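Please open the model in your viewer and keep the sequence panel beside it. The tour below moves from one selection to the next.

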Amino acid sequence: MSHRIEDYASIGNMQTAALVAHDGSVDWLCMPRFDSPAVLAGVLGTEEHGVWRLGPAHPKDTPPPAANRRGYDGTSLILISEWDTEHGAVRVTDFMPPSGGGPQVMRIVEGLRGRVVMRSTLRVRFGYGRFMPRVHQVGDRTQLAFGTDAVWLDTTIPLPSVDDTAEFTVLEGQKIALTLSWQATSLVAAPRPDPYTALKDTAAFWHTWAQQCTYDGPYREAVVRSLTALKALTHAPTGGIVAAPTTSLPEDLGGVRNWDYRYTWLRDAALTISALVAYDYLEEAHTWRTWLVRVIGDDVEDLQIMYGLAGKRDLAEQELWWLPGYEKSSPVRTGNAAAGQLQLDVYGEVLDALHQARRAGLEPDARATRLQLLLVAHLEQLWAKPDEGIWEVRGPRRHFVHSKVMAWVAFDRAIQLIESGEADGPLEHWRELRDTIHREVCEKGYDPVRNTFTQSYGSKELDASLLLIPQVGFLAADDERVVGTIEAIQRELSTPDGFILRYPTDGEDEGVDGLPDDEGAFLLCAFWMVEDLAMIGRTDEAHALFDKLLALRSPLGLLAEEWDPRSKRQVGNFPQAFSHAGLALAARRLMPQVTLSLPGQRSTEPSLTAVPAIP
């Protein structure tokens, strides 16, 4: 496939998501869940690996035309695409109703002017593009099945088809709907869908949800779109949150940095919750907290850094040899071997997200309180060990400074939980441990000659995760060591465009992450830089960088994981929770009327009640 990553729209229903290209082609769709095998996998290969293209008919020797106009319906995830042709104009409305039943992709064709010949090409390929379906006609419905999975194609008028393609004419004022629904083959066929009622209900759902956003600042459109993208990454049936709805969209075009992000990382989910809570979305925090308690329980000694949506632990990494990869970026992977890594920072991120939710008004939960205390008690045995760190390096373990800082955060938030009266624990002992970690980081993780914290103990390298030091309250923003670290990262990890790399990569040689080749600028890191610049009073610089980041968004306001400064393109899985959470939190940091407050002894963060509600 030849579409750029940013040329895709994402539609979803809090169970799964689809990517829709600007020519009306659905090139990625997993059913029934985000982490299920794809039934349309063309984005990772060719049309023969699964697509559903719907748009004006075109000569076979020409590419399908891109829509002349395209956008979301207001604050919803309803995609509207319009084409102008020689004989008329047509609109296609794509959406996935959040009904709670089996997932459906609905596409409504509407004639706007004249008459337009439309073409629908549906090539369902089960097992990530590997298996052809069995096709059955059941009355005027079509079932495409393989093994235990089936999808049903329903249309509101009969559409004559040849193989996988149907052509039909739509007249001005006429509407024709096509629906693709998932259903297990062991179940009787689902009732025929009503796409027109579903459209009204879907619009009402998303617009009502967006109206709850408490942000009323200059970046409202970008903030609401990012929060909507984050909501779409939550899995309503279980409460899990995926890092992205895709796998193997490359961090380096043509390279091997291709990973499966369709799982619940504790870190990514915690950041997502922190962003949602910052705008008073507490229901999602409650649901995720329930998921966390259920999945981890008391088994903190076997804590993983990520799980399947329903809590699955075995996420063995595999390579899908039959898929050539996005722009020949191979291998294509499912599963993720990082699930077995030791990453000490997740303890701090989980406790901080729950801390933020509690401060925002989330009611106490005894099971969640017990879990937090168990996690911190277990961290006592781990915090002094080397680990793989926030970036999940596949090289040797190190004493990463960010990991130690987040261990400090875990003890700090547990201490505040006990001080609030909601929990009992070894208060003085944990205070001593918190101080011990703080001293060690400042002694072993700081380079006084260069006036900067470093990536790991004894290292001279930098790491963008050090930008979190003032944000989590480890040191005050005006501490000279913090300012020195910010300026060092600007000098050594900035791209020519002014964006931020995670850490140095060594091109053809394997660097700290154990992988060859380079990667793009990590967008979350640039949003961290925005926050830090604002915190140290360089607000003009912070706003300028934020505006540059907003300009990188797709025409529909979406962000992948990284920005490739060489090709000037978005790269990595898409849309990315990290990027959108970073945008939402940075926008809030830039609010001039937000009063900064201290949630603990040293932390500095936005007040959670200072933003006026939407009328």
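Select residues 562-564 to begin: this is strand S23, which pairs with S24 in the antiparallel sense over three bridges, where strands are DSSP runs of E of at least two residues, numbered from the N terminus, and two of them count as paired if DSSP finds at least two bridges between them. Within this region, glutamate 562 stands opposite valine 571 in S24. The model is a predicted one, in which local features need pLDDT of at least 70 and side-chain atom pairs count only at pLDDT 80 or more, while totals for chains, interfaces and linings use all residues. Residues are numbered from 1 along each chain as its sequence is written, and side-chain values use heavy atoms, with hydrogens and water left out.

Next, select residues 523-535, helix H12, a helix being a DSSP run of H or I of at least four residues. Of its 13 residues, 13 are buried, meaning under 20% relative accessible area with a 1.4 Å probe and protein chains only. After H12 comes glycine 537, whose phi is positive, near 90°.

Finally, go to glycine 582 in helix H14 (residues 577-589). Glycine 582 is buried, at a relative accessible area of 4%, and touches Leu524 and Phe527, leaving aside residues up to four places away in sequence; contact here means heavy atoms within 4.5 Å.

Notes
Expected span 1.5 Å × (residues − 1). Buried < 20%, exposed > 50% of the residue type's maximum accessible area, 1.4 Å probe, protein only.
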